[in-house]
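Have the model open while you read.

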Amino acid sequence: LTFSNNWVQIIQSHSYFADTVPQVFSHYWSLSVEEQFYVVWPLLFVALCALGARRKHWLIITSLIAITSASLMGILFTPGVDPTRVYYGTDTHSFGLILGAFLAFWMSSRSASALADSWPKYQTEPRFRRTLQVNSVIALAGLIALCVFLPDQSAITYRGGIVLASVLTALVLFTIVQEIGPIHHIFQSKVLRWLGVRSFSLYLWHWPLIVIISEPFRAHGEQHSLIAGFIALAIALPLSALWYKYIETPFRRHGIKA
């Protein structure tokens, strides 16, 4: 209710990485970081626009904020110490959101016309388009590799790894919006569009189900926890679809009375 779950968990010394006592709602940390961003960012935007900030200024501002946040993550990370503080912290883990803001400023229309498309599909040079097509495929492959292989408590993760994942994500998003190359067509598939529409409901449900279903398997080792994960996924997908249809959408369109 107060968008402070991440700081509450930090203060209470909860660990995001503890396998012995996982928190059912520990994934709410990211929702808190997002909501804090949604509260602070518009106020900052309006204030600096009133002072005359323009697009070029915002590109510099967002770059500096993202670099500061990423640097704080690397500086405050201590090898051998539970990294929950730097993983949960708004100050240390907001660079992904700020990179999204940078991308929005970078891609928005430069036209002063009130009738201009605010999100244009740029006509880039053919050579640049081909380069972007290749690089976007590499970026997506690299992002998937990071998701699979990046250690959760290693120094490389907090001193560049998560930042790299955010940058690769921005590149993938750029090519999708620009409708360039195979990445655009991959993300136009019905399966990924279906998942994208229901991704918020899926995010809310996946972790509690994994924690609850994994508990009976915990004593039997890693391979059994993988089985528990697949079971949780099989339940989370239809449950998220129902939640999206009967809870999320009516609430979003008609309020709490719906």
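## Ground rules

This is a predicted model, where local features need pLDDT of at least 70, side-chain atom pairs count only at pLDDT 80 or more, and totals for chains, interfaces and linings use all residues. Residues are numbered from 1 along each chain as its sequence is written, and side-chain values use heavy atoms, with hydrogens and water left out.

## The pocket

The lining includes Leu1, Phe3, Tyr28, Glu35 and Phe200.

Helix 1 (5-11), helix 2 (28-50) and helix 10 (199-214) each give at least two lining residues; helix 2 has the largest share, with 4. Helices here are DSSP runs (H or I, at least four residues), numbered from the N terminus.

## Helix 3 against helix 5

Now for the helix pair. The axes of helix 3 (residues 55-76) and helix 5 (residues 95-107) come within 9 Å and cross at roughly 160° (axes are lines fitted to C-alpha atoms over the stretch in contact, with angles from 0 to 180 degrees between N-to-C directions). That makes the two helices roughly antiparallel, a label for angles over 145 degrees.

Who touches whom? In helix 3, Trp58, Ile65 and Met73 are among the residues that meet helix 5, whose side includes Phe95, Phe102 and Trp106 (contact means heavy atoms within 4.5 Å). By class, this contact has 13 nonpolar, 3 polar and 1 charged residues.

Definitions and conventions. Angles under 35 degrees count as roughly parallel, over 145 as roughly antiparallel, 65 to 115 as roughly perpendicular and the rest as oblique. Ala, Val, Leu, Ile, Met, Phe, Trp, Tyr, Cys and Pro count as nonpolar, Asp, Glu, Lys and Arg as charged, and the others, Gly among them, as polar. On a 1 Å grid over the protein atoms alone, a cavity is a set of points where a 1.4 Å probe fits but cannot get out, and a pocket is an open set with protein on both sides within 12 Å along at least five of seven lines; lining residues have an atom within 4 Å of a point.
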